[in-house]
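This briefing concerns the structure shown below.

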Amino acid sequence: MQDDDTGVDEAGTYALFLHLEEELQMQVGALGPCSFPMGVHVYAGSAMGGLRARLARHVRRDKRVHWHVDRLTTATGCRVLGAVVFTSPVLQECDIIGSLEGVKGVDDAEVRPPRFGASDHGCRGHLVWMGEEASITQVAVAHLIKGITGGRWLSGEEIWRPEDR
Ligand SMILES: [Zn+2]
């Protein structure tokens, strides 16, 4: 196995924290026209092929748009703040989204746009907008780590390594 200083070569589920500098409007595949408010959005995903490779892909801007979330991570003004990773084999993306909706002191949390990132799931969607202030990130990360066992925060810098460029 490769030496991995992030310790997350395992498969698992993650909450990717993104920050949008301003509101974005765009077409997202079969979802049609979508709007994304400025501020902090959290995308829940699963990476059965390994968390590290998947997170590195999210950070990379130069990629073929394949998933809904690629439309965001390749957009101007979108920055990856970091991710909370979980290696539980049973945790689902929707569990993460549900937990984030319950963050105390965050009244704005909203699953939107409907069905984003969840084409193959029966749920409401795998993206939740947490509000405009970047400081919400700390509150939401703490809530996730406290609420779901085994979560670990990786900053954008920890995800991004020069060899991934
Ligand atoms: Zn789901």
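Two residues are in contact if their C-beta atoms, placed from the backbone, lie within 7 Å. Helices (H or I, at least four residues) and strands (E, at least two) are DSSP runs, numbered from the N terminus. The model is predicted: local features need pLDDT of at least 70, side-chain atom pairs count only at pLDDT 80 or more, and totals for chains, interfaces and linings use all residues. Residues are numbered from 1 along each chain as its sequence is written.

**Strand β4 and its partners**
- Strand β4 (residues 39-47) is mostly covered, since 7 of its 9 residues are buried (20 or more other C-beta atoms within 10 Å of the residue's own; exposed means 12 or fewer, and partly exposed lies in between).
- Strand β1 (residues 12-20) pairs with β4 in the antiparallel sense over 9 bridges (pairing requires at least two DSSP bridges between the strands).
- In β4, S46 stands opposite T13.
- Strands β4 and β7 also run antiparallel, joined by 4 bridges, and V42 stands opposite V128 in β7.

**Nonpolar core**
- A nonpolar core is a set of buried Ala, Val, Leu, Ile, Met, Phe, Trp, Tyr and Cys residues joined through C-beta atoms within 7 Å.
- The largest such core has 40 residues, of which Y14, A15, L16, V42, A83 and L100 touch the most other members.
- Strand β1 gives the most to this core, with 6 residues.
- Leaving aside neighbours within four places in sequence, V42 is in contact with A15, L16, F17, L100, V128, M130 and A140.

- In helix α1 (residues 51-59), the buried residues are L51, R52, R54, L55, H58 and V59.
- These residues fall within an arc of 165° seen down the axis of α1, so they line one face of the helix; the arc is that of the directions from the helix axis to the C-beta atoms.
- The cover over the buried residues of α1 includes β1, β4, α2 (68-73), β5 (78-86), β8 (152-155) and α5 (156-159).
- Helix α3 (residues 93-101) has E93, I96, I97, S99 and L100 buried.
- The buried residues of α3 lie within an arc of 160° seen down its axis, so they line one face of the helix.
- They pack against β1, β4, β6, β7 and α4 (136-147).

**Loop residue G125**
- G125 is placed in the loop between β6 (110-111) and β7 (127-131).
- G125 is buried because 23 other C-beta atoms lie within 10 Å.
- Beyond its neighbours within four places in sequence, G125 is in contact with V111, P113, P114, R115, F116, G117 and A118.
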